[in-house]
Amino acid sequence: VETVFAITDGASVDINPANGSIQTWTLGANRTPTATSFVAGQAVTLMVDDGTAYTITWSAIAVVWLTADGNAPTLKTTGYTPIVLWKVGFTVYGR
């Protein structure tokens with residue numbers, strides 16, 4: 001059984017795997033999250049709802065995107081966009 005955690009949206013959001021391996025997040029504005037508590041071997045599945053066409057900038061985490069174009073996924077205009085983040089060594093990967 002995995003723990004599901006609802007992220008409280010705000011100007012400063014730190015994605016912390018200790019909160020749960022599945023995390024939901026409804027954006028209230030454009031956001032740039034951090035991930036200061038990630039350690040090697042941890043992973044989080046984010047379920048992101050873009051609210052009213054908001055975006056996420058991943059520059060504070062420096063995610064290496066393992067997507068076809070090497071970029072972060074585009075958030076869906078309705079419902080959740082699933083994003084998986086995991087850390088190997090000192091690198092956070094995403095898909």
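Predicted model: local features only at pLDDT ≥ 70, side-chain atom pairs only at ≥ 80, totals over all residues.

Tutor: Three bridges connect β1 with strand β2, which covers residues 22–26, and the two run parallel. In general, strands of a sheet pair through backbone hydrogen bonds, in either a parallel or an antiparallel way.

Phe5 stands opposite Gln23 in β2, and Ala6 has Thr24 of β2 as its bridge partner. On its other pairing, β2 joins β3 through five bridges, again in the parallel sense. There, Ile22 has Thr45 in β3 as its bridge partner.

These strands belong to an open sheet of six strands with mixed pairing, in the order β1-β2-β3-β5-β6-β4. The edge strands are β1 (4–6) and β4 (64–65), each of which pairs on one side only.

Next come the side chains of β2, which alternate along the strand. Gln23 and Trp25 point to one face and are buried.

Asn16 is placed in the loop between β1 and β2. Leaving aside residues up to four places away in sequence, Asn16 touches Gln23 and Ser37. Asn16 has a relative accessible area of 19%, and it counts as buried because the cut-off is under 20%.

The loops on either side of β2 are linked as well. The side chains of Arg31 and Asp9 meet in a salt bridge, at 2.7 Å from N to O. Arg31 lies in the loop between β2 and β3 (43–49), while Asp9 lies in the loop between β1 and β2, so the pair ties together parts that are 22 residues apart in sequence. The count of salt bridges comes to one. The two partners fall into separate classes of accessibility: Arg31 is buried, with a relative accessible area of 14%, whereas Asp9 is partly exposed, with a relative accessible area of 25%.

To put the part together: β2 pairs in parallel with β1 and with β3, Asn16 from the loop between β1 and β2 touches Gln23, and a salt bridge joins Arg31 to Asp9.

How values were computed: Residues numbered from 1 in each chain as written. Heavy atoms only, no water. Pairing = 2+ DSSP bridges. Helix = DSSP H or I, 4+ residues; strand = E, 2+ residues; numbered from the N terminus. Salt bridge = Lys/Arg side-chain N within 4 Å of Asp/Glu carboxyl O. Buried < 20%, exposed > 50% of the residue type's maximum accessible area, 1.4 Å probe, protein only. Contact = heavy atoms within 4.5 Å.
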